[in-house]
Structures are given as structure tokens and as C-alpha cells.
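Open the model in your viewer and keep the selection panel at hand.

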4 protein chains.
Amino acid sequence: MNVRVGILGATGAVGQRFIQLLDDHPTFELAALTASEESAGKSYREAAKWRVNTPIPDDVASMTVGRTHPDDVADDVDLLFSSLPSSVAAEVEPLFLDEGYVVSSNSSNDRMAEDVPLTIPEINPGHLDLIEIQREERGWDGALVKNPNCSTITMVPTLAALDEFGLERVNVTTLQAVSGAGYSGVTSMEIIDNALPHIGGEESKMETESRKLLGAFDGSEVTLHGMEVAASCNRIPTLDGHLESVFADLADEPSVDEVARAMREFPGIDLPSAPEQLIHVFDDPSRPQPRLDRDRENGMAVCAGGIQETTHGVKYNCLAHNTIRGAAGASLLNGELLVEEGWV
Amino acid sequence: MNVRVGILGATGAVGQRFIQLLDDHPTFELAALTASEESAGKSYREAAKWRVNTPIPDDVASMTVGRTHPDDVADDVDLLFSSLPSSVAAEVEPLFLDEGYVVSSNSSNDRMAEDVPLTIPEINPGHLDLIEIQREERGWDGALVKNPNCSTITMVPTLAALDEFGLERVNVTTLQAVSGAGYSGVTSMEIIDNALPHIGGEESKMETESRKLLGAFDGSEVTLHGMEVAASCNRIPTLDGHLESVFADLADEPSVDEVARAMREFPGIDLPSAPEQLIHVFDDPSRPQPRLDRDRENGMAVCAGGIQETTHGVKYNCLAHNTIRGAAGASLLNGELLVEEGWV
Amino acid sequence: MNVRVGILGATGAVGQRFIQLLDDHPTFELAALTASEESAGKSYREAAKWRVNTPIPDDVASMTVGRTHPDDVADDVDLLFSSLPSSVAAEVEPLFLDEGYVVSSNSSNDRMAEDVPLTIPEINPGHLDLIEIQREERGWDGALVKNPNCSTITMVPTLAALDEFGLERVNVTTLQAVSGAGYSGVTSMEIIDNALPHIGGEESKMETESRKLLGAFDGSEVTLHGMEVAASCNRIPTLDGHLESVFADLADEPSVDEVARAMREFPGIDLPSAPEQLIHVFDDPSRPQPRLDRDRENGMAVCAGGIQETTHGVKYNCLAHNTIRGAAGASLLNGELLVEEGWV
Amino acid sequence: MNVRVGILGATGAVGQRFIQLLDDHPTFELAALTASEESAGKSYREAAKWRVNTPIPDDVASMTVGRTHPDDVADDVDLLFSSLPSSVAAEVEPLFLDEGYVVSSNSSNDRMAEDVPLTIPEINPGHLDLIEIQREERGWDGALVKNPNCSTITMVPTLAALDEFGLERVNVTTLQAVSGAGYSGVTSMEIIDNALPHIGGEESKMETESRKLLGAFDGSEVTLHGMEVAASCNRIPTLDGHLESVFADLADEPSVDEVARAMREFPGIDLPSAPEQLIHVFDDPSRPQPRLDRDRENGMAVCAGGIQETTHGVKYNCLAHNTIRGAAGASLLNGELLVEEGWV
């Protein structure tokens with residue numbers, strides 16, 4: 001039985017990824033596309049400047065784009081994916097939630113709100129139960145679930161695997177791809193033969209979202225994980241795939257092999273878009289590399305490598321595809337979890 | 001009065017930078033060029049595949065290249081700069097030292113040897129006095145001084161400035177330019193749309209050399225600085241300029257302003273190629289950037305920016321031109337110090 | 001019924017593409033891998049530095065690599081693909097041909113030899129009959145067929161489509177990807193923020209191979225096509241996909257629409273790896289682009305766009321994936337044609 | 001005696017180049033800066049997002065930016081350089097011309113107007129006399145001179161040198177740097193690992209401007225040169241420096257040496273910013289290259305190389321720095337010519 005889904009903000013870079021990922025999805029049927037006023041009423045082919053390297057699916061190309069408003073989305077759409085700019089999302093998502101839609105959102109607003117589940121299905125699926133509190137407090141018939149920032153999601157699965165060793169403190173430096181800033185976010189004059197040592201707001205997202213994701217949920221609230229996180233975020237001349245260098249202080253003193261095994265054996269989840277193995281661990285210290293490894297398991301795997309002991313714990317690298325695992329794929333997987341858990 | 005200098009390994013990437021930097025030098029006169037057997041006997045124009053973006057100085061172009069052996073270097077050459085591959089340097093540098101030449105070397109061999117000064121003139125000029133011990137122990141008439149690795153030299157001036165606040169521990173991640181690997185070190189297929197999370201040997205260099213540079217010298221030996229350093233080294237698609245992200249744990253709790261001031265006011269040194277201000281500190285968090293800032297003070301300044309407090313100290317970025325401040329310029333400056341201090 | 005195939009020079013960049021393309025091939029079964037002496041005896045996983053962005057097929061990874069010599073290739077291998085350096089190929093290919101192997105070769109030696117078919121299956125399949133003359137003259141039991149250079153093959157299908165309008169003269173400038181030079185052919189220092197206006201030997205290949213491909217075969221010899229071709233070849237910082245700018249003088253004065261239609265309707269061929277449509281023509285003048293369009297039809301299509309009339313004919317752009325349609329895929333398709341035509 | 005100059009559109013990419021080039025100019029004194037309404041009233045440091053790799057000159061940084069209107073520019077400013085967007089320039093330049101200012105403009109509007117000199121000082125300085133006709137027809141007290149498009153100016157000096165051999169026809173393909181599109185003109189997502197085979201309007205500029213530049217002026221009008229020009233313009237991932245591949249049909253049959261000599265000996269002009277040698281010709285076929293050669297003679301030289309005979313004439317490459325020789329430096333040189341010829 002199919003689930004009818006829609007995309008809020010369907011013409012942008014993440015919106016295009018949603019369309020790519022929903023093509024041939026086993027259970028989701030794309031039934032609604034929304035965008036800004038200028039695009040409303042046009043066919044998707046006209047409205048979107050399509051830039052990913054597979055052609056627009058024919059049936060999607062001829063769909064008519066609506067305004068991003070409940071009036072323009074059919075009532076029988078069961079689940080909405082949102083990749084709106086966060087300022088727009090903050091205004092518009094509540095309209096849909098009032099009307100009873102379930103929204104799986106990649107937008108950054110409300111990620112740290114106490115009654116909004118911030119979820120990676122393999123990491124903290126139980127946080128979804130915050131929806132009950134959310135409905136009570138906000139009076140929504142619908143439900144809102146958020147996925148974390150792309151740079152957070154790249155690191156958190158590996159931290160979850162380390163937590164058995166007593167995760168105390170994390171210093172992380174990112175080497176982020178330009179696609180994370182959207183299609184026009186980084187100009188070529190800025191980045192060719194260069195690197196940009198600052199991404200506004202990104203560091204605090206990593207520092208807070210990671211602690212919520214690994215936090216304990218007691219049925220009424222999430223207690224942030226006790227680890228300290230300090231992040232330094234950089235943009236480099238790479239198209240897709242965030243590479244991150246992590247220094248993790250641990251209470252225990254695991255060997256490199258123990259750490260590698262904990263990552264490799266970290267359990268996945270049985271959902272249509274989930275990777276078979278969540279964390280791919282490389283023994284070759286020159287891997288993972290963005291271009292060679294970002295597409296593992298259709299871009300839904302997280303990669304790790306270069307694990308070495310330090311005086312206080314371990315250092316290692318991790319990598320994920322920022323617009324798939326870190327954005328559209330993250331929302332999609334949360335949508336699949338919402339269906340699986342009966343919220344849709 | 002001029003000093004007659006020579007370059008060992010004059011045709012390589014760092015050798016070409018030496019020639020560029022020695023052009024119009026106020027006191028050094030280029031008098032000898034050596035390279036491998038195949039190049040010996042040719043004019044420099046024939047022997048070198050010149051690739052820097054200023055033309056070969058005419059007088060250098062017509063000089064004859066000799067073998068890298070004392071027999072091929074005139075006796076009246078006072079000072080040699082070495083940018084030989086470290087395996088070659090390990091064999092050949094002692095031949096010159098036996099013959100009484102003073103060698104300022106960028107090659108990585110012997111940097112951590114107890115009787116070899118590893119020197120940045122603004123940081124630890126006093127370590128030069130190890131030369132006396134070196135001469136005793138090795139029976140050399142000459143003198144050998146080394147400069148640190150390019151990634152070390154980018155970070156150490158800022159660490160020296162932080163030392164007044166009780167420097168305890170450093171986690172550093174590098175975003176290094178391809179020129180650091182030499183002209184053919186990184187292929188285009190490896191690095192376009194990519195990053196390489198591993199540079200063989202680089203991490204341990206940063207972890208040990210930095211502690212020697214900041215170590216105390218009591219007249220007979222250098223005691224390594226007590227800080228712990230863990231490094232993670234990455235190559236990115238940038239031509240020149242290493243950008244580094246530093247997390248420094250400090251005993252004290254200085255404000256951002258105090259840290260910025262300590263860096264800005266860190267004293268320089270009065271030598272011909274030294275920058276007027278050693279550390280340029282940016283308030284704009286989007287700086288320093290490799291392409292925009294690597295050429296400050298002819299590539300001899302170190303830049304810092306993005307200073308923020310963390311729970312345990314500070315985080316910030318630093319940058320230097322890796323083949324100037326981090327290689328040829330580093331050796332040149334050590335050469336100027338050797339002259340100033342009377343060793344030449 | 002399966003054809004047992006082998007790859008000569010299996011560890012290089014084109015060799016790796018062969019393995020990628022042969023994975024899941026409907027009729028070809030990979031049965032032999034050869035490489036240089038140093039690789040011989042190792043498993044393919046050990047011997048090859050695998051760099052394409054899909055994992056090595058498991059069954060190939062465990063195959064043992066042999067020397068590139070008939071003694072190391074089983075007699076029941078029916079068809080060999082060669083991606084050897086041309087100097088090696090010139091020595092080794094005849095050994096295999098003497099022993100009766102059929103060789104479909106991407107190496108540039110002997111492409112212009114009068115008795116060697118230089119073939120693109122959609123363009124000049126009939127030239128295969130040169131094999132009879134070849135066998136007579138050389139006394140080979142096997143057969144040798146060559147595919148053209150990657151820059152030639154990008155342009156020739158569009159020229160073939162223009163031939164009905166009286167093709168008289170071609171000026172072509174290429175913007176070629178770095179992969180065309182092999183994995184280590186272009187260093188990062190050479191190409192970042194740069195372009196290289198010279199590729200040794202490439203221009204004459206385009207100027208001569210294109211005339212042989214479009215030449216008439218009368219059963220005994222190929223007469224070169226009468227058009228004049230002048231080529232200017234450049235390397236740019238792109239990984240895969242050669243973009244070419246063509247100015248074609250024509251005897252007739254076709255409209256843009258007539259030219260576009262001639263290209264779109266140019267007939268393909270019914271072989272397993274052939275594209276459904278040989279030439280994809282874009283109306284959007286900003287296409288084709290290397291990154292967005294090189295993978296059309298699994299990298300086997302040729303793209304064209306920007307068609308405009310000039311005083312003497314037309315100008316337009318064309319594009320193909322240089323290591324698939326322009327190298328490994330070209331040899332593979334020739335191999336499929338050899339089977340189809342009964343030469344294997 | 002100094003000339004007081006101003007810059008219209010001083011905050012943009014070309015405006016910043018003007019400031020860089022005017023720093024330490026022997027006779028020009030920067031006295032006025034204008035920009036859009038939002039910037040007016042601010043200091044230049046505040047108004048401009050400075051991005052070139054030398055610091056803002058201190059005296060310029062503290063200058064106040066005015067609106068781009070004659071009311072905001074002091075009457076004693078003698079000469080204005082304009083790098084306004086062409087639509088803005090079309091409205092605003094006439095206001096200044098009415099008020100009697102002399103304007104040397106890089107903006108593309110009116111370049112082909114019959115009474116506007118389109119000038120490269122070394123090529124067609126005599127066209128300046130069109131100013132008399134311009135004043136008559138338009139009733140201006142001032143004077144307007146334009147320089148050609150950056151891609152035109154790269155090619156035209158070499159064509160001027162070829163004209164003695166009977167220049168009949170030109171096919172030219174460009175490989176243009178991203179800076180030609182302005183700071184935000186090309187996004188990183190568009191150009192990394194890619195090339196863009198279309199630059200709107202660029203081809204027709206090359207095809208027409210080149211014929212006006214080489215046209216004959218009889219004292220009343222310019223007759224376009226009779227050569228036919230067809231251009232194909234491409235953007236590649238290079239920061240600065242347009243590389244162009246030219247096929248030129250000639251009536252005569254000069255040798256490569258004769259062509260090289262004609263280019264090398266093409267006369268320059270004696271103006272402060274003019275290069276000593278207008279065209280640098282390389283014998284090494286791998287040159288010129290954008291990164292290595294764009295800065296020759298402070299970015300004001302044109303480079304050529306790879307000269308080869310073809311059936312109809314010659315093919316070769318040429319290169320110039322597109323934002324110096326091709327934009328700000330071009331206007332500056334025209335300004336120097338205007339002063340020299342007594343128009344200022």
C-alpha cells in the first residue's frame with residue numbers, strides 16, 4: 001500500500017535530490033510539489049532549473065507546482081518532506097501541521113525545540129514519541145520531525161558507536177563540500193584555489209544537535225548528552241561529501257581494533273532507504289575520500305577511517321554525502337520511520 | 001659585505017622558490033646551484049622545468065648546475081640552502097658539513113636529532129647554540145640547522161603566543177595545499193572534487209617538532225615542551241597556503257581579545273626576510289583564506305583568525321604560505337640568522 | 001552463449017574502466033587479466049590501485065594477474081581488450097595476433113596502418129573487412145581492430161551526421177578532461193586554476209583518424225575522407241568528459257534545425273553496450289556540459305549543442321565521456337561488433 | 001602634473017582592479033569613488049567587499065563613496081573610469097558626458113555605436129578622433145571612449161600582427177576564466193569539474209568588436225575590417241586569464257617564424273601602463289598558460305604560442321589577463337592615451 005507524499009520547496013537543490021531519491025521508491029508515491037509564488041502554476045520542468053546528473057523523471061516533469069500552502073496540497077497527501085529555507089519553514093510548516101499533515105523536515109528551525117524530535121533512525125528512533133508531547137503542547141493534528149544538519153549527521157553515527165567507551169569530549173574540524181550551501185551559496189571566485197574557514201551558524205549546530213541526538217529520552221523530555229563538543233567548520237573546493245576530522249576523548253582506552261569493530265558493528269535499521277551497513281570502516285588510512293566514497297550505498301552510508309589512538313582517546317575521519325545522507329536522504333529515512341512506527 | 005650562497009637541489013619546487021626569494025636579496029649572492037647527476041653540467045635554464053609565475057632571473061638561467069657534492073661547489077661559498085629529498089639529504093648533507101660548509105636545510109632528516117637546532121628565528125633563536133655541541137659530537141667544521149615542516153611552522157608561532165596562558169594540549173587539523181607534496185606529488189585525478197585525509201608522516205612531524213621548537217634549551221640540551229599535540233593532516237585542492245584549525249587547551253582562561261592581542265604583539269625579529277609583524281590577526285571570521293592571505297608580507301607572515309573561547313581554552317584558524325614561510329623562506333630566514341649570529 | 005574475454009593492461013585507468021563495464025555484461029565473461037611483470041602473480045586486488053567510484057567486483061578482485069604474454073593467457077579466451085601504453089602494445093599485440101587471438105585495442109599504435117580497421121561501430125562497421133587483408137599481409141591467425149583516440153571519437157559521430165551536407169573543412173578546439181592523460185598524467189600543480197594549451201600528438205590524431213573513420217572502403221583499401229581538419233587540443237581542470245568546439249564548413253547551407261535533425265536521427269547500432277540514441281542534441285545553448293552530460297546512456301552517448309549557422313556552414317559543441325565512449329567503451333563496442341560479425 | 005580621476009562603480013570586481021592599478025600610478029590621482037545608493041555615504045572600506053589579494057590602500061579605504069551621479073563627483077575630477085553594469089552605464093554615462101566629463105568606459109553599451117571610439121591604444125589610437133564627431137552629434141562637452149570586451153582584447157593584438165599577411169577569416173574558441181563574469185557570476189556548483197559551453201552575448205561581441213578595432217578610420221567613420229569572425233565561447237574552472245585558440249585564414253602563406261616575428265615585433269606604445277612588449281611569443285608549445293603567464297608585464301601583456309601552419313593560414317593560442325588587460329587595465333590605458341592626446 002502506497003503512501004502519498006509531497007515536497008515543500010521542490011525546486012531547490014535539496015528538493016531536486018528528494019525527487020531523485022523518490023524515483024522508483026517502493027512505497028512512496030510523489031503526489032505534490034510546492035515552491036515559491038513565482039513557480040506556482042508552472043510545470044515542474046518549467047519551474048525548476050534541474051541540475052543533478054540524472055534526467056528529471058518524466059512523470060515529475062509534467063506535474064504542476066503549487067504554492068507552499070495547505071490550500072495547494074491535496075488532502076490525501078499523507079507525508080510532506082520540507083527543504084524550505086529555515087525562515088520560510090518557520091512560518092509555513094505550522095500551517096501544514098495545523099491542518100494535520102505529517103512533516104519530515106530538513107529545515108534548521110525548531111531542531112532544538114524541546115517538543116520536536118530530532119532524529120536519525122539508526123541512532124534515536126525512540127525520540128519520535130516526542131510527537132505526543134508536541135501535539136499536546138501545540139495543538140497540532142499533524143506531526144513535525146526534524147533531521148540534523150548535514151555536518152552533524154556525518155559525525156553522530158560514529159560518536160554513537162564510541163559511546164560505549166565513555167564519550168567525554170569531541171573536537172571536530174570539517175572540510176565541507178560547496179553543495180551544502182545550496183546551488184548559489186558559494187561562488188567560484190570564492191573557492192577555486194582556496195578554502196573558507198567559517199560557515200555561519202554551522203559550528204553551534206554541530207555542538208548542540210549532536211548532544212540532543214545522543215541524549216536520553218525518558219518519555220517526557222530529552223536530556224542532552226554530557227559530552228562537550230567544539231567544532232570548527234570549513235568549506236573546501238569539493239562538490240559533494242563532507243569530510244570531518246574528529247578527536248574524541250574517551251573514559252576507557254579502547255584499541256584501534258575495538259573502535260573499528262564498534263563502528264562496523266553498530267546496528268542499522270530495516271527501512272527501504274537505509275544502508276545495509278551504517279558505518280563503512282576503512283583500514284586504508286587514505287580513505288574515506290569524498291569523491292570516491294560519498295556514493296556508498298546510494299549515498300546513505302557513513303564512512304570512517306584513519307582511526308588512531310591519542311593520549312585521551314582516539315582520532316579518526318568520517319564522511320557522508322551531505323545532500324543525500326545529510327539532507328534529502330535523512331528526511332526521507334525519517335519519513336520511512338514515521339510510516340513504520342504508525343505516525344503516518 | 002655580501003654572503004655567497006648556494007642551493008642544494010636547486011631544480012625542484014622548493015629550489016625554484018629559493019631562487020625567486022634570493023633574487024634582489026640585499027646581502028646574499030647566489031653562487032652555486034646543484035642538482036642530480038642528469039642535470040649536472042647543464043645551464044639552469046636547461047636543467048630546471050621552471051614553473052613559478054615570475055620568469056627565471058637572467059643571471060641564474062645561465063649558471064651551470066653542478067652535482068650535489070662538495071667537489072662541485074666552490075670553496076668560497078659561505079652558506080648552503082638545502083631542499084633535497086630527505087633520503088638524499090641524509091647521505092649528502094654530512095659530506096658538506098665535513099668540508100666545513102654551513103647548511104640551512106629544509107629537508108626533514110635529522111630534525112629531531114638532539115644536537116641539531118630546529119629553528120624558527122622569531123621563536124627559538126637561542127637553539128642555534130646547539131651547533132657547538134653538534135660540532136663536538138660529530139666532528140664537523142660546518143654547521144647544520146633545520147627548519148620545521150611546513151605544517152608545523154604554520155601553527156607554532158600562534159602556539160608560542162598562547163604559551164603565556166599555560167598551553168597544555170593541542171588538537172590540530174590541517175587543510176594543506178598540494179604544493180606541499182612537490183610538483184608531482186598529488187595528481188589531478190586524486191584531488192579535483194576531492195580531499196585526501198592522510199599525509200604520510202606529516203602528523204608525527206607536527207606532534208614532535210612543535211614540542212622541540214617550544215622546548216627549553218639549557219645550554220646543553222633541549223627539553224621538549226610539555227604540551228600534548230594530536231594532529232590530523234588533510235590535503236585539499238588548493239595550490240599554496242596551509243590552513244589549520246587549532247583547538248588549544250589552556251591553564252588560564254584568557255578572553256578572545258587577550259588571545260588576539262598576544263598573537264598580534266608577539267615579537268618579530270630584525271632580519272632582511274622577516275615580516276614586520278609575525279602574526280596577522282583577523283577580526284573577520286571568514287579570514288584568513290589561503291588564496292587571499294598567503295602572500296602577506298611576501299609570504300613570510302603567519303595569519304590567524306576565528307578565535308573563539310571553548311570550555312578548555314580557545315579554538316582558532318591559522319595560515320601560512322607553505323613553500324615560502326613553510327619551506328624556502330624558512331631556510332632563508334635561518335640562514336640570515338646564522339649570519340647575524342656570526343656562524344657564517 | 002558466453003564469450004571469454006581478457007584485458008591486456010588491466011591495472012591502469014582504462015583497464016579499470018574495462019572491468020567496470022564488463023561487470024554484469026550480458027555475453028562477455030572476464031577470464032584473463034594481464035599487467036606488467038611486477039603485478040604478475042598477484043591477485044587483482046593487490047596489483048591494482050583501484051580508483052573508480054564503484055568497488056572492485058569480488059570475483060575480479062581475487063583473479064590472478066598474469067604477464068602480458070600469450071603464455072599467461074588461456075587458449076580458450078576468445079577476445080582480448082588492450083589498453084596498453086602504445087609503445088608496449090606495438091611489441092606485444094603482434095605476439096597475441098600470431099597466436100590467433102582477436103584483439104580489440106585502444107592503444108594508438110597502428111591506428112593509421114592501411115590494413116588495420118579503425119572502427120566506431122555506428123560509423124564504419126564495414127571497415128572490419130580489412131581484417132581479411134590484414135591476415136593475408138601479416139600472416140596472423142588472429143585479428144586486430146583499433147578504436148580511435150578519445151578526442152576523435154567525441155567529434156566524429158557529429159561529423160558523420162553532417163556529411164550529407166557536404167563536409168569540406170573542420171576547425172576544432174578541444175577542452176579535454178585530465179583522465180585522458182591517465183591517472184598520473186596531469187599533476188594538480190599543473191592544472192588547478194589553469195589550462196594547458198598543448199597535448200602532444202593529440203592534434204595529428206584528430207586530423208588523420210577522423211578522415212580514415214569517414215573514409216570509403218572499396219573492399220581492398222580505405223580512402224581518406226576529403227575534408228580538411230585542423231585541431232587545437234587543450235587540457236582543462238575537469239575529471240571526465242571532453243568538450244569540443246567545432247566549426248564545420250559545408251557545401252550546402254542547412255538550417256540549424258536540419259543539422260539538429262541530422263544529428264538526432266543519425267542511426268545507432270544494435271549491440272549490447274551501444275546507446276539507444278547515438279547523438280543527444282540539446283536545444284539549451286548552455287549544454288552539453290561535461291559533469292552533467294558525460295554519463296548519458298552509461299557514458300556511451302555523444303552529446304551536441306549550441307548549433308549555430310556561420311557564413312561557411314555551422315558551429316556547435318560536442319561532448320563524450322573520454323574513458324568510456326572514448327576508450328574502454330569504444331573497445332568493448334568494437335568487441336561486440338567483432339562477435340556480431342562472426343570474427344570471434 | 002597630476003590628473004584627478006574617479007571610478008564609477010568602484011566596489012565591484014573591476015572597480016577593485018582599478019584601485020589596485022591606480023595605486024602608485026605616476027600621474028593619476030584617485031579623487032572620486034561612486035557606487036550604488038546603498039554604498040553611498042559609507043567609507044570605501046565599509047562599502048566594498050574587498051577580495052583582491054593585496055590590501056586596500058589606506059588612503060582609498062577611508063575615502064567616502066558617492067552615488068553614481070555627477071552631483072556626487074567633484075568638478076575638478078578630469079577623467080572617469082567606468083565599470084558599471086552595461087544597463088546602468090547606458091543610463092548614467094550620458095549624465096556625466098553632458099556635464100563635460102571625459103569617460104573611459106569598460107561597460108559594453110555603445111561599443112559599436114558609430115560615433116564612439118572603441119580603442120586599444122596600441123592598435124587603433126587614431127580612432128579617438130571620433131570624439132569630435134561624437135561631440136557634434138550628441139552635443140556632449142565630455143568625451144566617451146570604450147575598450148573592447150575581455151575576450152576580444154585577448155585576440156585582437158595577434159590579429160593586428162597577422163593583418164600584413166592578408167587576414168581573411170578567423171575561427172576562435174575561448175577558454176575563459178570565471179572572473180570575467182564578475183564576483184558572483186559563476187557559482188562553484190556550476191564550474192567545479194565542469195566547463196560551460198556558452199557565454200551569453202560574448203560570441204557576437206568578439207565577432208563585431210574585432211572588426212571595428214581593425215577597421216579603417218577616414219576621419220569621419222570607421223569601416224569594419226573585411227575579415228569574417230566566428231567565435232565559440234566557453235567558461236572553464238580558472239580564476240583569471242582567458243586562453244583562446246585561433247584558426248586564421250590568410251591570403252599569404254607566411255612561415256611559423258614569420259608569424260612569430262610579426263607578433264613579437266608588433267609595436268607597443270609609450271604610456272605609463274603599457275607593456276614594454278605588447279605580444280610575448282612562446283616557442284614552448286605548452287605555453288602560454290593562464291596561471292603562469294597572465295601576470296606578464298603586470299598583466300598588461302598579451303601572450304601567444306603554439307603557432308602552426310594550416311592549409312589556409314595558421315593556428316595558434318593567445319592569452320591575456322581578463323580583468324587587467326581585458327578590463328580595468330584596458331580602460332586605464334585608454335585614459336592615459338586620452339591624456340597624452342590632449343582630450344583630458
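Which element do the buried residues of α5(A) pack against? Select β6 (143-146) of chain A together with α5(A): the buried residues of the helix pack against that strand.

Before going on, some conventions. Residues are numbered from 1 along each chain as its sequence is written, and chains are lettered from A and ligands numbered from 1 in the order in which they are written. This is a predicted model, in which local features need pLDDT of at least 70 and side-chain atom pairs count only at pLDDT 80 or more, while totals for chains, interfaces and linings use all residues.

**Stop 1: helix α5 of chain A**

Select residues 130-138 of chain A, which form helix α5. Helices (H or I, at least four residues) and strands (E, at least two) are DSSP runs, numbered from the N terminus. Colour Leu130(A), Ile131(A) and Gln134(A), which are buried. A residue is buried if 20 or more other C-beta atoms, placed from the backbone, lie within 10 Å of its own; it is exposed if 12 or fewer do, and partly exposed in between. Now look down the helix axis: the buried residues of α5(A) fall within an arc of 100°, so they line one face of the helix. The arc is that of the directions from the helix axis to the C-beta atoms. An α-helix has 3.6 residues a turn, so residues three or four places apart point the same way. Then step to Gly139(A), which follows α5(A) and has a positive phi, near 70°.

**Stop 2: the domains of chain A**

Colour residues 3-149 + 327-340 of chain A as domain 1 and residues 150-321 as domain 2. These bounds come from an automatic or database domain assignment. The domain centres, taken over C-alpha atoms, are 24 Å apart. Where the domains meet, 32 residues of domain 1 of chain A are in contact with 32 residues of domain 2; contact means that the C-beta atoms, placed from the backbone, lie within 7 Å. On the domain 1 side, α1 (13-22) and α12 (324-340) of chain A are the elements that give two or more residues. The largest share, eight residues, comes from α12(A).

Next select residues 4-131 of chain A. An unreviewed UniProt entry lists them as "domain: Semialdehyde dehydrogenase NAD-binding". Such annotations may be inferred rather than shown by experiment, and positions follow the numbering used here, with feature names shortened. This stretch is 26% helix and 18% strand, with its end C-alpha atoms 21 Å apart.

**Stop 3: chains A and B**

Show both chains. Copies are superposed by least squares on the C-alpha atoms of residues with pLDDT of at least 70 in both. The contact takes 32 residues from each of chain B and chain A. Among the elements on the chain B side are β7 (167-176) and β10 (228-235), and β10(B) gives the largest share, four residues.

**Stop 4: chains B and D**

Which residue of chain B has the C-alpha nearest the axis that relates chain B to chain D? Select Asp193(B), whose C-alpha is 3.3 Å from that axis. Here seven residues of chain B are in contact with seven residues of chain D.

Definitions and conventions: Two residues are in contact if their C-beta atoms, placed from the backbone, lie within 7 Å.
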